[in-house]
Amino acid sequence: TGVQTCALPIYFSAGFKFRLSDDTGQVTVTIFENVFDSLVRPEQLNVGATLSVTGKVNVFGGVMEITPASAGRIRIVAPPIREVRQYALSQVGGSDHNAIVRVVGEVAGVEAFAKGSDVLLRDETGVQRLRLYQVVAKRVKLKVGDRIEAIGRVNASKAKGIVIEVALPADIQVKK
């Protein structure tokens with residue numbers, strides 16, 4: 001493909017999916033775990049990065065996607081510039097559904113579930129739940145007491161409450 005800007009990642013159990021866009025449209029790029037783990041600077045493959053990707057074109061679920069066979073088929077033309085507003089945990093609410101937020105706090109608990117881990121994050125204002133799907137959770141080992149900064153998408157539902165979904169390993173930073 002040509003050079004395109006990377007948009008929000010999409011949950012995918014065997015790796016990572018990104019939407020890339022330019023002035024001609026959008027395409028999904030599917031990056032399997034082995035390719036992602038071979039990237040020299042995986043943290044640069046993030047929202048706002050400009051990429052050039054070469055790969056096999058497939059149609060999956062009615063959506064056209066490009067699947068690079070190796071990390072060498074992904075070139076970061078410009079690293080991401082991420083301006084994400086920081087929220088106190090008590091500020092994140094139902095009206096923030098689909099918003100991208102930055103939160104900082106201490107890990108108060110980690111609970112495994114079938115598709116990954118839920119992390120209870122606490123700051124001086126309250127507690128929120130972060131969701132790390134398996135492809136992220138196995139690359140980011142968190143324990144109670146860790147102080148972290150995380151970027152994620154707010155998913156608010158009446159049935160399940162509010163959860164901040166972290167899409168990429170680089171979206172969590174353990175602070176010293």
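In this briefing, Ala, Val, Leu, Ile, Met, Phe, Trp, Tyr, Cys and Pro count as nonpolar, Asp, Glu, Lys and Arg as charged, and the others, Gly among them, as polar. By this scheme, the lining of the second largest pocket consists of four nonpolar, three polar and five charged residues. The structure is a predicted model.

**The largest pocket**

- The largest pocket holds about 280 Å³ of space.
- Its lining is made up of 20 residues, of which P9, Y11, E165, V166 and A167 are the closest to the pocket centre.
- At least two lining residues come from each of β1 (3-10), β2 (15-22), α2 (134-137), β11 (147-157) and β12 (161-166).

- The volume of the second largest pocket is about 180 Å³.
- Which residues line the second largest pocket? They are E43, Q44, N46, P79, P80, R82, R102, E149, I151, A170, D171 and Q173.

**Aromatic pairs**

- The structure contains three aromatic pairs.
- One of them joins F16 and F36, whose ring centres are 4.3 Å apart and whose planes make an angle of 40°, an arrangement classed as tilted.
- F16 belongs to strand β2 and F36 to helix α1 (residues 33-38), so this pair ties together parts that are 20 residues apart in sequence.
- Are F16 and F36 buried or exposed? F16 is buried, because its relative accessibility of 2% is under the 20% limit; F36 is likewise buried, with a relative accessible area of 5%.
- F113 and Y133 form another aromatic pair, which is edge-to-face, with 6.3 Å from centre to centre and 70° between the planes.
- This pair links distant parts of the chain, since F113 is in strand β8 (residues 100-113) and Y133 is in strand β10, 20 residues apart.
- F113 counts as partly exposed because its relative accessibility is 27%, a value that falls between the limits of 20% and 50%.

**Charges over aromatic rings**

- R131 lies over the face of F113, 4.4 Å from the ring centre.
- K17 is placed over the face of F12, at 4.9 Å from the centre of that ring.

**Residue Y133**

- Y133 is part of strand β10, which covers residues 126-133.
- With a relative accessible area of 16%, Y133 is buried, because the value is under 20%.
- Setting aside residues up to four places away in sequence, Y133 touches Y11, F113, K115, G116 and E165.
- Two of these contacts, Y11 and E165, are also among the residues closest to the centre of the largest pocket.
- A167 stands 34 residues from Y133 along the chain, yet their C-alpha atoms are separated by 7.5 Å.

**Residue V103**

- V103 is located in strand β8, and its relative accessibility of 0% makes it a buried residue.
- What does V103 contact, apart from its neighbours within four places in sequence? The partners are Y87, L89, V92, L121, L130, I148, E149, A150 and I164.

How values were computed:
Residues are numbered from 1 along each chain as its sequence is written. This is a predicted model: local features need pLDDT of at least 70, side-chain atom pairs count only at pLDDT 80 or more; totals for chains, interfaces and linings use all residues. Side-chain values use heavy atoms; hydrogens and water are left out. On a 1 Å grid over the protein atoms alone, a cavity is a set of points where a 1.4 Å probe fits but cannot get out, and a pocket is an open set with protein on both sides within 12 Å along at least five of seven lines; lining residues have an atom within 4 Å of a point. Grid points are joined across faces, edges and corners, and a volume is the space filled by probe spheres set on the points. Helices (H or I, at least four residues) and strands (E, at least two) are DSSP runs, numbered from the N terminus. Buried means under 20% relative accessible area, exposed over 50%, partly exposed in between (1.4 Å probe, protein chains only). Contact means heavy atoms within 4.5 Å. Rings of Phe, Tyr and Trp (its six-membered ring) pair if their centres lie within 6.5 Å; planes under 30 degrees apart count as stacked, over 60 as edge-to-face and the rest as tilted. A charge sits over a ring if NZ of Lys or CZ of Arg is within 6 Å of the ring centre and within 35 degrees of the ring normal.
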